[in-house]
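Hi there,

Here is the structure I promised to pass on to you. Have a look at it first, and my notes follow below.

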Amino acid sequence: MNEAIERHAQATPGFEQRVQATLQRLRAAAEAHADTLVQATSLGAEDMVLTDLIARHRLPIAIATLDTGWLHSETLALLDAAEQHYGLRIERFAPPAEAALHFVRSHGELAMRESVALRKACCALRKLEPLERLLAGRSAWVTGLRREQSGARAEVPYEDQDDAGRTKFNPLADWSWAEVWHYIATHGVPYNALHDRFFPSIGCEPCTRAVAVGEDFRAGRWWWEHESAKECGLHVSALPDPAPATAATETA
Ligand code: SF4
């Protein structure tokens, strides 16, 4: 049963115009960054909307993801299913095997729960380093960041710059969670089965849990840490000082 769709999908006034505006942003980005634009997908609901738009309209935008070695089996299954559904390849960037093994041997399998420093070291190894390779040779990237996702993301612009000077496009910045799911429902977009089990935001397996009714969207990410520490570094440079999250939703 598509519980996430039933729980969240909702048509909103101006939805079609919002979809068209998003498509225009993607087209303009692809034109401005011919052959050097990539969607960095986490395979979350927002990213699946973007992948659908890219595939449906045959936009010349590469699609790539970080295979951290700690992804849920449901996420890996979606990766394969999305490639099959859209007939495209999603590039996968994993951490160096030796370094990942060394980290686990030195600090233990669940080192990320022992301290913020170790959690950040794990994210640096399994996410940030592979992201650098994912972005090498690209002049711009597309993300599924939305303003509604957290207090720290409330000011996310449609277009930004990362620390390396690449353009970072956030074409869903003004979308609501209900609109993301309305798009998924009306376009038959494949999505992560964990969304049906109260995982609104999905990251690595040891660092993601389901949320309870009334809990914040991001409550299931690094739940043992203080709210202000809850970014893995992928999007930090674009963000203002962290503030307590207030609404529903996120991507990486
Ligand atoms: S989210 Fe957790 S498992 Fe994944 S890279 Fe960060 S600390 Fe490591």
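L43 sits in the loop between β1 (37–41) and α3; helices (H or I, at least four residues) and strands (E, at least two) are DSSP runs, numbered from the N terminus. Its phi is near 70°, a positive value in a residue other than glycine. L43 is also buried, since its relative accessible area is 1%; buried means under 20% relative accessible area, exposed over 50%, and partly exposed in between (1.4 Å probe, protein chains only).

A word on where the values come from: this is a predicted model, in which local features need pLDDT of at least 70 and side-chain atom pairs count only at pLDDT 80 or more, while totals for chains, interfaces and linings use all residues. Residues are numbered from 1 along each chain as its sequence is written, and side-chain values use heavy atoms, with hydrogens and water left out.

F198 has a positive phi too, about 70°, although it is not a glycine. This residue is found in the segment after α7 (177–187) and is partly exposed, because its relative accessible area is 38%.

Next, helix α3 (residues 45–56), which holds T51. T51 counts as buried because its relative accessibility is 1%. Its side chain is joined to that of Q39 by a polar contact of 2.7 Å (a pair of N or O atoms within 3.5 Å; within protein, one must be able to donate a hydrogen and the other to accept it, and residues adjacent in sequence count only if both atoms are side-chain atoms). Leaving aside neighbours within four places in sequence, T51 is in contact (heavy atoms within 4.5 Å) with Q39, I63 and Y86.

Now to the ligand. Which residues surround the ligand? They are W70, M112, R119, C122, C123, R126, K127, C204, C207 and W222, where being near takes a heavy atom within 4 Å of the molecule. This shell divides into seven nonpolar, no polar and three charged residues (Ala, Val, Leu, Ile, Met, Phe, Trp, Tyr, Cys and Pro count as nonpolar, Asp, Glu, Lys and Arg as charged, and the others, Gly among them, as polar).

W222, one of the residues around the ligand, lies in the segment after α7. W222 counts as buried because its relative accessibility is 1%. From C-alpha to C-alpha, W222 and K168 are 25 Å apart in space, and they are 54 residues apart in sequence.

Enjoy looking around!

Best wishes
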